[in-house]
Amino acid sequence: MTYHILIADPLSDDGIQPLQEQEDMLIDMKTDLTSNELLEQIGKYDALLVRSQTQVTREIIEAAKKLKIIARAGVGVDNIDLNAATENGIIVVNAPNANTNSAAEHTIAMMMSLSRKIPQAYLSLKGKKWERSKYVGVELKGKTLGIIGLGRIGTEVAYRAKGQRMNVIAYDPFFTKEKAEKMGISYGTLEEVLQTADFITVHTPLLKNTKHLLNKEAFAMMKDGVHIINCARGGIIDEKALYDAIVSNKVAGAALDVFEEEPAIDNRLLELPEVIATPHLGASTVEAQENVAIDVSHDVVSFLHEGVVQNPVNLPSVPKEIMSKIEPYFYLAEKLGKFLSYLTDEVIDEVNIYYSGELANMEVAPLTRNTVKGLLKRYLGIHVNDVNALYLAERKGIAVHENKTSLTKGFTNLLTIEITSKSGKRSVAGTLLNGLGARIVKVDHYRVDVTPEGHIVFIYHHDQPGVIGKMGNLLGEHDINIATMQVDRADAGGDAIMLLKVDKPVKKKTLDALQQLNEIKSVKAINL
Ligand SMILES: NC(=O)c1ccc[n+]([C@@H]2O[C@H](COP(=O)([O-])OP(=O)(O)OC[C@H]3O[C@@H](n4cnc5c(N)ncnc54)[C@H](O)[C@@H]3O)[C@@H](O)[C@H]2O)c1
Ligand SMILES: O=C(O)CC[C@@H](O)C(=O)O
C-alpha cells in the first residue's frame with residue numbers, strides 16, 4: 001500500500017526526513033494551494049501536514065475521504081476543526097514541546113524591545129534621524145510581569161523574566177500557591193494579575209473562555225502605563241479595546257506577534273507608534289521548525305504504520321509504561337466487542353465493561369475505546385476507530401460505563417462486556433491465558449473456551465440427544481468443515497449453546513437451513 005501525504009504549509013526540509021525515508025509514502029509539497037484547490041485535492045490524501053496558515057475546515061475534512069491523520073507542526077490547533085476531525089475518525093496530532101523555547105525567547109525579545117522602544121528607534125535611525133530623547137525606555141528590573149496562562153511557554157517565560165530580576169505573578173486555572181512557591185513566583189487571581197502587573201503577557205490557547213480575555217473591562221482594571229505582550233494567539237486580546245486603551249494612554253505600548261486576522265497587513269493597531277509587531281514569528285527559528293517537523297513526521301509514520309502516536313490532540317495519549325501493560329488486551333477487547341455486536345439486532349442502550357483481576361489495576365480507557373470500536377464496527381465498518389468510537393457511541397445514545405472489580409472467577413484477568421437493550425442484557429467475557437493468548441471464556445452464563453478469531457457459528461438450542469449430529473450433517477452437506485466445537489448447557493435437557501469454529505464464512509442459505517431444525521432456537525454467523 002502506498003500512502004499519499006500532503007504538506008500544505010512550509011516545513012523544514014531536514015525535519016520531514018523521517019517521512020521522506022519511507023518507501024511507501026508519496027509526499028506532495030503544495031504550500032500555495034487556495035482553500036478551493038485544497039478542497040478539490042484533499043480526497044486522495046492519507047495524511048495532511050500543516051502549520052498555522054492552512055485552515056482545515058469541516059468542509060475540507062468532510063471531503064477528505066481517505067484522510068487518517070492531520071498533523072499540526074506547532075502547538076495551536078485553532079486552524080483545525082477538531083470536532084469535525086473527531087467525528088470523521090481522523091486523528092489530529094501536534095508538536096507541543098518543540099517550539100516552547102523559541103516562543104518563550106520571542107516573548108522576552110518582544111518585551112525588551114517594547115520596554116526600550118528598539119523597533120521605533122531603529123526605524124528612526126534608518127530614516128537618518130538621531131532622536132535620543134524620543135526613545136527613552138523603562139527598566140524591567142523590579143517591575144512586575146503578569147503571566148496569564150502558565151503552561152509550557154508561560155512557565156519558560158516566568159523563569160526567563162526572573163533572570164531579568166522581574167517580579168512575576170501568574171494566573172492559570174491549574175496553578176496553585178504551592179506551585180508558585182516552588183517556582184519562586186507569586187500566585188494571583190486573574191484580577192490580581194491585571195491589577196498589579198506593569199507588563200502583562202498572555203500564553204493561553206484561543207478557546208471560547210479565552211476569547212477577548214483582555215477586553216475593555218480588563219484594561220480598565222490595569223495600572224496606568226501598563227505594557228501588553230501577545231505571542232500566543234490573536235483573539236485573546238480584543239483588538240478594538242486595546243486600540244482604545246493605547247489611544248487613551250491607559251496602555252503605554254503593546255508587542256504583538258499574533259492577530260485576530262492574519263496576515264494582519266491592514267490592522268489599524270499597526271498604525272499606532274506604541275505598537276511593535278512581528279508577523280507570527282514566535283516559532284520561527286531553525287531549531288523549532290526542524291523539531292516540529294521531526295515530531296509530526298514521526299507521528300505520521302508511526303500512525304500510518306502502527307496506529308500509534310506520541311502527541312494526539314483529539315485522543316488522550318497513553319504513557320509508554322501503561323501502554324506496554326495494556327497492549328496485550330487490545331486485541332481481546334476489540335474482538336469481544338465485535339462478538340457481542342452479533343448477539344443482538346436491537347438498539348443498544350448501555351454498555352458495561354467490567355475489568356477484573358490484574359486489569360482492575362490498570363489504566364483501561366484505551367481498552368474501553370477499543371471495546372466500543374469492536375462493538376460498533378459491525379455496523380460502521382472502517383468509519384469507527386479509536387478516535388471517534390466513544391463519540392459515535394454517545395451520538396447513538398449508548399451509555400458506556402467502566403467498572404473495576406476484583407472478582408475474576410478463577411482467572412488472573414477477566415474482561416467482561418455486557419450490553420443492555422430493550423429485551424435485556426447480553427454478555428461475553430474473555431481472558432488472556434498465560435502463553436496461550438486470548439480466549440472467549442463465557443457467553444451470557446455459559447462457559448466456553450474459544451479463540452476470538454475467524455468464522456464462528458453461534459447456536460442456541462435445546463439440549464437433547466442427536467442435535468449435535470444433525471447440525472454436523474447439515475453443515476457437511478453445505479460443504480462447511482467444523483474445526484472446533486464448544487457446547488454448554490444450563491441444565492440437562494434445557495437451554496444450551498454451541499460455538500462452532502468453521503473454516504469459511506457461512507452463507508445465509510446454510511443459516512436458514514439450520515434455523516429450520518426443530519431443536520434450534522437461533523443461529524448466527526459471527527465473523528471476527
Ligand atoms: N506565536 C507563536 O508562534 C506561537 C508558538 C508556540 C505557541 N503559541 C501559542 O502559545 C500558546 C501557549 O502555548 P503552550 O505550549 O504554552 O500551551 P499550554 O497548553 O502548555 O499552556 C496553555 C495554558 O493556558 C492555560 N489556560 C487555559 N485557559 C486559561 C484561562 N482562561 N486563563 C488562564 N490560563 C488559561 C492552561 O491551563 C495552560 O496551562 C498557545 O496559544 C499556542 O498556540 C504561539
Ligand atoms: O506555524 C507556526 O510558525 C506558528 C506556530 C505557533 O503559532 C504554534 O501555535 O505552535
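In what order do the strands of the open sheet of 6 strands stand, and with what pairing? The order is β14-β13-β15-β16-β17-β18, and the pairing is mixed, where two strands are said to pair if DSSP finds at least two bridges between them, and where helices (H or I, at least four residues) and strands (E, at least two) are DSSP runs numbered from the N terminus. The structure is a predicted model, in which local features need pLDDT of at least 70 and side-chain atom pairs count only at pLDDT 80 or more, while totals for chains, interfaces and linings use all residues. Residues are numbered from 1 along each chain as its sequence is written, and chains are lettered from A and ligands numbered from 1 in the order in which they are written.

The chain is divided into domain 1 (3-96 + 287-306), domain 2 (100-277), domain 3 (318-453) and domain 4 (455-528), with bounds that come from an automatic or database domain assignment.

Strand β17 (residues 437-443) pairs with β18 in the antiparallel sense over 3 bridges, and Val443 stands opposite Tyr446 in β18. Helix α13 (residues 320-341) packs on this sheet and touches β15 (413-421), β16 (424-433) and β17, its direction making about 155 degrees with that of β16; residues are in contact if their C-beta atoms, placed from the backbone, lie within 7 Å. Helix α14 (residues 365-380), in turn, lies across β13 (348-357), β14 and β15 and runs at about 135 degrees to β13.

The loop between β17 and β18 holds Asp444, whose phi is near 50 degrees, a positive value in a residue other than glycine. Most residues other than glycine have a negative phi, and most peptide bonds are trans. Asp444 is partly exposed, with 17 other C-beta atoms within 10 Å, on a scale that calls a residue buried if 20 or more other C-beta atoms lie within 10 Å of its own, exposed if 12 or fewer, and partly exposed in between.

Between domain 3 and domain 4, the centres are separated by 25 Å, taken over C-alpha atoms, and 12 residues of domain 3 are in contact with 9 residues of domain 4. On the side of domain 3 that touches domain 4, α13 and β18 each supply at least two residues, and β18 gives the most, with 5 residues. By class, that side has 7 nonpolar, no polar and 5 charged residues, where Ala, Val, Leu, Ile, Met, Phe, Trp, Tyr, Cys and Pro count as nonpolar, Asp, Glu, Lys and Arg as charged, and the others, Gly among them, as polar.

A further open sheet, of 7 strands, has the order β8-β7-β6-β9-β10-β11-β12 with parallel pairing. Its edges are β8 (186-187) and β12 (275-277), each with a single partner strand, so one side of each is left without a neighbour in the sheet. Strand β7 (residues 167-171) pairs with β8 over 2 bridges, and Ala170 has Tyr187 as its bridge partner in β8. Helix α11 (residues 239-247) packs on the sheet, where it touches β10 (226-230), β11 (251-256) and β12, and its direction makes about 140 degrees with that of β11. In the loop between α11 and β11 lies Asn249, which has a positive phi near 70 degrees and counts as exposed, with 10 C-beta neighbours inside 10 Å. The loop between β11 and β12 contains Pro263, and the peptide bond from Glu262 to Pro263 is cis, with omega near 0 degrees.

Two ligands are present in the model. Ligand 1 is surrounded by 32 residues, of which the closest are Gly76, Gly149, Gly151, Ile153 and Gly282; a residue is near a molecule if its C-beta atom, placed from the backbone, lies within 6 Å of it. The elements that give two or more residues to this shell are α5 (100-116) and α7 (152-163), and α7 gives the most, with 3 residues. The shell around ligand 1 divides into 15 nonpolar, 13 polar and 4 charged residues.

Notes
Two residues are in contact if their C-beta atoms, placed from the backbone, lie within 7 Å. Axes are lines fitted to C-alpha atoms, for helices over the stretch in contact, and angles run from 0 to 180 degrees between N-to-C directions.
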